[in-house]
Amino acid sequence: MSEDLHEPVLPGPGASDYERYLRTDELLSLQKDPEERVHHDELLFQTVHQSSELWLKLATTEVDEAAGHMERGELAPAIRLLRRAVLSLQYVTTQLEMLNQMSPWEYSEIRVVLGHGSGFDSPGFRRVPAVTQRVSQAFERALQRAGLSLVELYQQGREHEDLYQVAELLTEWDERIWVWRFRHYAVVARALGEETIGTQGTPVQVLGKLIAQRQIPKLWEVRSRLVELFDAERKGSAA
Ligand code: HEM
């Protein structure tokens, strides 16, 4: 007799293997029921935040794993994982747009039920500095092993393709954090205004200042050095 492919074979709750594997019962019970919501838009608000946490979990896991590869001198698998991490940050940024669908007046109703909840306590974002530091140090050591300074890597990028790709992906990782902060600031300004104090006491304007922060400053400084060097060489050869 042939096997019924519609019958679930995996253990656990759920009517199908799809529901059992993905644990959709649990996942879909993590949002407030309609009767618990103080406003219809709470589902939108929870969906954006919860899915951001999932993408950030993936992003930071992949950056951490990439750092491990780089510590062992394995650049190609690190590149594959860093690409995913960067893409995850892109998704987290894009979905911020959904929050602009809420009216600022109606959002005030949701704000009341957030308690002292603040994005500063986002587990996903809290993991970002630690994994960024680990991957940045692994990159530093990879440069040392290759006997290159960062300036030399950028000048001779074609001869050290994998290392160059890592440098550019780390730059993009940093850039995506900065772009997320910029988009988040704009969303917050639309929902709350720029003169408001956040649920944990942070003035919204402080968020604006965080946009200027860089996670791996040397990747940005090197670009200025390259311009200086190029200009100095051009002046030298013209003299
Ligand atoms: C209407 C939507 C949102 C509003 C009004 C809002 C508001 C705020 C405010 C006021 C702060 C300052 C801290 C405080 O609460 O006192 C903050 C910080 C933060 N929020 Fe949001 N937020 C929103 C959406 C999001 C989303 C979707 C995420 C994604 C997880 C997020 C993550 C963060 C993070 C990580 C911080 C720390 C600041 C930083 O590292 O730049 N927020 N938010």
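The protein has ten helices and zero strands. This is a predicted model. Read along the sequence, its pattern is α-α-α-α-α-α-α-α-α-α. The radius of gyration is 23 Å, well over the 18 Å that the globule rule gives for 239 residues, so the protein is more spread out than a compact globule.

**Overall dimensions**
- Along the principal axes, the C-alpha atoms fill a box of roughly 75 × 65 × 25 Å.

**Domains**
- The domain assignment gives domain 1 as residues 1–30.
- Domain 2 covers residues 41–238 in that assignment.
- The C-alpha centres of domain 1 and domain 2 are 36 Å apart.

**Packing of α4 and α8**
- Helix α4 spans residues 75–94, and helix α8 spans residues 161–192.
- The two helices pack at an angle of about 15 degrees, with their axes 9 Å apart.
- Angles under 35 degrees count as roughly parallel, so α4 is roughly parallel to α8.
- The crossing of α4 past α8 is left-handed.

**Residues in the α4–α8 contact**
- From α4, the contact uses Leu75, Ala76, Ala78, Ile79, Leu82, Arg83, Ala85, Val86, Leu89, Gln90, Val92 and Thr93.
- From α8, it uses Asp162, Leu163, Gln165, Val166, Leu169, Glu172, Trp173, Arg176, Ile177, Val179, Trp180 and Arg183.
- By class, the residues of this contact divide into 16 nonpolar, three polar and five charged.

How values were computed
Residues numbered from 1 in each chain as written. Predicted model: local features only at pLDDT ≥ 70, side-chain atom pairs only at ≥ 80, totals over all residues. Domains from an automatic or database assignment. Axes fitted to C-alpha atoms, helices over the stretch in contact; angles between N-to-C directions. Helix = DSSP H or I, 4+ residues; strand = E, 2+ residues; numbered from the N terminus. Parallel < 35°, antiparallel > 145°, perpendicular 65-115°, else oblique. Left-handed = near helix turned anticlockwise from the far one by under 90°. Contact = placed C-beta atoms within 7 Å. Nonpolar A, V, L, I, M, F, W, Y, C, P; charged D, E, K, R; others polar. Rg over C-alpha atoms; globule rule 2.2 N^0.38 Å.
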